[in-house]
Amino acid sequence: MDINVGTFKPLIKPVIVSFLSDLGPSVLNHLIEPDNGALNLDKLRDELNRYMCERMLEVTPQMIQDIMYTVVLQYLGWLIVWGCVFGGVMGVICQAIKLTPDYENWAN
């Protein structure tokens, strides 16, 4: 199953923009080592962890439910429809070739 990256842009873009606007000055000020200009990965991990913890506190259960509903409806809605169609076709085929259980003699 191919996932179209374009459909995730509206969900991811606000998070990235907020992330960069919050962390941009922080990266320039104390994540880059002054002696060699290299990025300190340990400090970056700590800053990312702190930022993600703050963002997790901002997310409400309703927001998560809305996001999950959107994703499920968009990507799994077809699975529900085609599952019903496939199940119906299989039921008709099994009934036509007498492959169904004999419930009248089930207890015997």
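I take buried to mean under 20% relative accessible area, exposed over 50%, and partly exposed in between, with a 1.4 Å probe and protein chains only. By this scale Arg-55 is partly exposed, at a relative accessible area of 24%.

Basis of the entries. I note that the model is predicted, that local features need pLDDT of at least 70 and side-chain atom pairs pLDDT 80 or more, while totals for chains, interfaces and linings use all residues. Residues are numbered from 1 along each chain as its sequence is written, and side-chain values use heavy atoms, with hydrogens and water left out.

Salt bridges. I searched the whole structure for salt bridges (a side-chain nitrogen of Lys or Arg within 4 Å of a carboxyl oxygen of Asp or Glu) and found 2.

I looked up Arg-50 and found its side chain joined to that of Glu-54, with 2.5 Å from N to O. Both residues belong to helix α2 (residues 41-58) and stand 4 residues apart, about one turn. Helices here are DSSP runs of H or I, at least four residues, numbered from the N terminus. Glu-54 is partly exposed at 38% relative accessibility, and Arg-50 is partly exposed at 37%.

I then looked up Arg-55, which forms a salt bridge with Glu-58 at 3.4 Å, N to O. These two are 3 residues apart in helix α2, about one helical turn. An α-helix has 3.6 residues a turn, so residues three or four places apart point the same way.

Helix α3. I recorded a bend of about 55° at Leu-76 in helix α3 (residues 61-96); the bend is the angle between axes fitted to the seven residues ending there and the seven starting there. After α3 comes Lys-98, with a positive phi near 60°.
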